[in-house]
Amino acid sequence: TDVQTSSESAKANNSAGGGYNDRAGASSSKEAQDRWAKMAKPHLEKAIGIHPRYKNAYLQLGNSYFYLEDYEQAIRNYEISLDLDPNYTDAQKNLFLAYRQGGKFMGEQRNDLTKALAYLQQAYRLRPDDYETIRLLGVAHGMSKNFEKAVSYFKKGLKKQPNDAQAYYNLGASYMQIGKVDSGQLYLDQARSMDPSIFR
C-alpha cells in the first residue's frame, strides 16, 4: 500500500522488497522462495534507482539474488553495500554466506570445481575458522584429485570438530587416496567406532 501511494519513495520500495525477502526466507519450498524473491527485486531496483547510495537496498537485492541462487549477482550487490559502508555487519555476514553457498552450489549443482574453489577460497579468506567452509574446501580439492590439499583441510576440520565421525571419515578417506593406508585406516576405524552407520 505504501508503494502504491508513494511510488517514488526509496524507503517504501526498500521496505516492500525487504518484506518480500522475509517471506522468501520463511518459505517452505524452493518454488515459493523463488516467487517471493522475484517479487522483491523490482522494488529494490527502484529504491536503488531513486537513491543510488542506499546500502540496505543493495543488501536486500543481494538477498533476493541469494534466494534465487544467482550467487555472482548476490556477491556483487553485497560488495557494493560494503563499498558504501565497510563496517556494515549484515553485508559482511551475507557476503561470506554467498561465497560459501555459491561454492557449494557450483560444485554440487554445476560441477564447476574451478568456480567452486574460487568461491570457497574467498569464504575461507573472510572466515578461516568456519568448519563448513573448511569441510567444503576439503571435498572440492578431493573432487579435483588434489588429495594432499584435501588432507590439509580435513585435518583443520577435525581440529574444529573432534567429536564428528564424518570429520574422521573424510580425513581417513583422503589419507587412503594418497597411499597412507595406516593413517587412513586409523581414522576410518575411529569414524566407525563413533558412528557404525557412516559406511552405509
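## A first look around the model

Leaving out neighbours within four places in sequence, Ile50 is in contact with Ser7, Glu8, Ser9, Ala10 and Asn13, where contact means heavy atoms within 4.5 Å. This is a predicted model, in which local features need pLDDT of at least 70, side-chain atom pairs count only at pLDDT 80 or more, and totals for chains, interfaces and linings use all residues. Residues are numbered from 1 along each chain as its sequence is written, and side-chain values use heavy atoms, with hydrogens and water left out.

Ile50 belongs to helix H3 (residues 30-50); helices are DSSP runs (H or I, at least four residues), numbered from the N terminus. Between Ile50 and Lys11 there are 9.5 Å in space, C-alpha to C-alpha, and 39 residues in sequence.

Now to the aromatic rings. Rings of Phe, Tyr and Trp (its six-membered ring) pair if their centres lie within 6.5 Å, and planes under 30 degrees apart count as stacked, over 60 as edge-to-face and the rest as tilted. By this rule there are nine aromatic pairs. Tyr20 and Trp36 form a stacked one, with 5.8 Å centre to centre and 20 degrees between the planes. This pair links distant parts of the chain, with Tyr20 in helix H2 (residues 10-25) and Trp36 in helix H3.

The table shows how accessible some residues are; buried means under 20% relative accessible area, exposed over 50%, partly exposed in between (1.4 Å probe, protein chains only).

| Residue | Relative accessible area | Class |
|---|---|---|
| Ile50 | 33% | partly exposed |
| Tyr20 | 24% | partly exposed |
| Trp36 | 18% | buried |

Notes
Helices (H or I, at least four residues) and strands (E, at least two) are DSSP runs, numbered from the N terminus.
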